[in-house]
Amino acid sequence: MENNHIVYVLSDSVGETADLVVKAASSQFNSSSIEIRRVPYVEDKVIVDEVISQAKETNGSIAFTLVIKEVKNYLISEASKHGIAYHDILTPMIELFEKQLQKPPRNEAGLMHTLDEDYFRKVEAIEFAVKYDDGRDPRGVLRADVVLVGVSRTSKTPLSQYLAHKRLKVANVPLVPEVEPPEELFQISPEKVIGLQINAEKLNTIRSERLRALGLKEEASYAAFERINEELNYSKQIMERIDCQVIDVSNKAVEETANIIYRMVQQSNNSK
């Protein structure tokens, strides 16, 4: 029976990167004859000595993604001394970037894990924006970093998604004269609420285009000035009642409004 070849995968973080690379390489052979033993959080020479001892005893090899120079150099020295085959996964790519960018690497462990956390925060914020879009569940108002309020077609949904990519959890609530706003809006700090204002002419144009896109008549009350003014007056009353900050989006692109909101949130957080 063929003995398994053991590869010791070392990392000064969780070791996922090295593990994936070794598994990808082993898939090109009979991967059942290759045993991978992951050794995460290698931060001192003691662990290196243990791995060297095991690799020597089993005639194994070592693959690693170590960025702490002292530990990495010690591993290379000891592996060479004992005739143990090793492969440095990260250094060739780091040296390429160092040469191309003309700047030294940070040599900090765990940065990839930090990037993963940032990615998951963004995904969580995007899912939050979808779940609490258009006032579907007022409980989201209490959990949100920002709550957008305004009449229909003031870009609440695209703004929520844009800000989610900046890792902000955004809920949005439509203001309609026939529907009382959720009480949660008046329970949170006014600083968390942003009112979106728009002039009647601009809103009429946007709504008329929306009706045409849906194949409906432009004369519908949705786009009528009388109805629009009624909604705008109502939304103004609610915003004054909340005492929130208001942005006029009449002549602003979504990206411009989103950046204004993001800066407002940052300033609010910095003042706390």
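Analyst: D118 is placed in helix α5 (residues 111–131). The model is predicted, so local features need pLDDT of at least 70 and side-chain atom pairs count only at pLDDT 80 or more, while totals for chains, interfaces and linings use all residues. Residues are numbered from 1 along each chain as its sequence is written, and side-chain values use heavy atoms, with hydrogens and water left out.

User: Why is D118 called partly exposed?

Analyst: Buried means under 20% relative accessible area, exposed means over 50%, and partly exposed lies in between (1.4 Å probe, protein chains only). D118 has 24%, and is therefore partly exposed. The C-alpha atoms of D118 and R167 are 8.2 Å apart, although 49 residues separate the two along the chain.

User: Is D19 buried or exposed, and why?

Analyst: D19 has a relative accessibility of 7% and therefore counts as buried. This residue lies in helix α1 (residues 16–26). Leaving aside residues up to four places away in sequence, D19 touches V9, I36 and R38, contact being heavy atoms within 4.5 Å.

User: Which parts does the salt bridge between E124 and K169 tie together?

Analyst: The closest N and O atoms of E124 and K169 are 3.0 Å apart. E124 lies in helix α5 and K169 in the loop between α7 (156–164) and β6 (170–174), so the bridge joins parts 45 residues apart in sequence. E124 is partly exposed at 39%.

User: What is the N to O distance between R227 and E231?

Analyst: The distance is 2.8 Å, and the side chains of R227 and E231 form a salt bridge. Both residues lie in helix α9 (residues 225–242), 4 residues apart, about one turn of the helix. R227 and E231 are both buried. Shared partners join E178, R207, R227, E230 and E231 into one network of salt bridges. The structure holds 12 salt bridges.

Notes: Helix = DSSP H or I, 4+ residues; strand = E, 2+ residues; numbered from the N terminus. Salt bridge = Lys/Arg side-chain N within 4 Å of Asp/Glu carboxyl O.
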